[in-house]
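Hi everyone, thanks for coming along. I'd like to walk you through one structure today, starting at a metal site and then moving on to some charged pairs. Here it is on the screen.

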Amino acid sequence: MKHASHGTQSAHQRSNRVCLMPIVNRVADLQADIQAWRRDIHQHPELGYEERRTSAFVAERLREFGCDEVATGLGGTGVVGVIRGKKPAGNSPVQSIGLRADMDALPIEEASGVPHASRTSGKMHACGHDGHTAMLLGAARYLAETRNFAGEAIVIFQPAEEGGAGAAAMIKDGLFERFRIDQVYGMHNLPGTPVGAFAIRPGPIMASTDAVNILIEGRGGHAARPHLSIDSVMVGAQLIVALQSIVSRNVDPLESAVVSICEFHAGNTRNVIPQTAELRGTVRTLTAEMRALVEKRVREVVEGTARATGARIDLEYVRGYPVVVNHLAETNLAIGVAKEVAGSGNVRERPPLMGGEDFAYMLEQRPGAFIFCGNGDSAGLHHPAYDFNDDAIVFGTSYWIKLVENTLAA
Ligand SMILES: [Zn+2]
Ligand SMILES: [Zn+2]
């Protein structure tokens, strides 16, 4: 699957390399090191909040590069490096920008077949956070060597993006108080987008992710005497169908929402109506208003179904990551940088993704933008055959470097 590049795509890449010699060439010198770090991290995946080896690796490299400050232990295993430019920022309103990477892996058995595959069974870097970490390390090394900017670049390596809200944990640990961060930027690789291309949009770019846990308590009994029971299976089935009417009947057709009930557990034999049933699912939206509307309707539908069927239904509605909302000015800045790195034809506006990202918490604190960096035709994110595409390293790393040099122009 991996690294299979199409003729047209590699022609694009070649032309990019030719017209963007200055930046790509300097990063190209670092490419072998960045790739080696990436593969090392890939071989040693660690789940959220357990990134001890990875965060020690990151902190060691940052010290080696000569970062002015290296702070560890933020939000558990988070690491922050501070790199001061050659010149002070003076009176510039933007004196410092934060660049964020994530370090955690997933509980998936790797089936990529690559030589640098995971050495820990049941864990793998299936979301490319190994690549994100390595690219930001590469940028840190370059920035610490050259320091061709005014102010401070803050490199942020966070734990537990995959459901653990590591970004929120770092914020709670004082990320934005301990370090001056005027703007904050995030990047994620994206399979299906060509290597050397970037995708971004102003406004919502990734969805809020809320969890729905439902416990139905009916009345168990003999399958042949349903009138004496309250059938938790039927209540669950009705509830699933009724919940689907939220998106089709309550959500403006021009807006977006997802309600997916993905677990339904009930019963263990053919001729017994089970006493209880359990449903679990997820709600995704792209605005705070839509999020509130869908939550309200889920609560009402559950209440109504309980009343209609006589079952007791406990609903646990757990708000997860907020919507990732890109700020307009910073998004335009990011687009300008991406075009400089990739060529204007390779930077496209894309519709939002209904997946979630805890970078949302950082964008609630500071203006900034989240961008996708093409991973080519690799397997999809969270797929056992996925691997980060090392050909994307020069583009992602160059983006980080240019973002600092342009935003904090000396
Ligand atoms: Zn992921
Ligand atoms: Zn990810």
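The 4 donor atoms around the zinc ion (ligand 1) subtend angles of 53 to 150°, so the arrangement is irregular. To count as tetrahedral, four donors need all angles between 85 and 135 degrees; four count as square planar and six as octahedral if opposite donors are over 155 degrees apart and all others between 65 and 115, and anything else is irregular. For reference, ideal angles at a metal are 109.5 degrees for four tetrahedral donors.

A word on the ground rules: this is a predicted model, where local features need pLDDT of at least 70 and side-chain atom pairs count only at pLDDT 80 or more, while totals for chains, interfaces and linings use all residues. Residues are numbered from 1 along each chain as its sequence is written, chains are lettered from A and ligands numbered from 1 in the order in which they are written, and side-chain values use heavy atoms, with hydrogens and water left out.

So which protein atoms are the donors of the zinc ion (ligand 1)? They are C127 (SG), E162 (OE), E162 (OE) and H382 (NE2), at 2.0 to 2.7 Å. Donors here are N, O and S atoms within 2.8 Å of the metal (3.2 Å for Na, K and Ca), and since water is not among the atoms, sites may look incomplete.

C127 sits in the loop between β3 and α4, and E162, 35 residues away, in the loop between β4 and α5. Helices (H or I, at least four residues) and strands (E, at least two) are DSSP runs, numbered from the N terminus. C127 counts as buried because its relative accessibility is 6%, whereas E162, at 25%, is partly exposed. Buried means under 20% relative accessible area, exposed over 50%, partly exposed in between (1.4 Å probe, protein chains only).

Now the charged pairs. The structure holds 28 salt bridges, each a side-chain nitrogen of Lys or Arg within 4 Å of a carboxyl oxygen of Asp or Glu. One of them joins D390 and R39 at 2.8 Å, N to O. This pair spans 351 residues, from a loop between β16 and α11 to helix α2. D390 is buried at 0% relative accessibility, while R39 is partly exposed at 26%.

Finally, D358 and R100 form a salt bridge at 3.1 Å, and both are buried.
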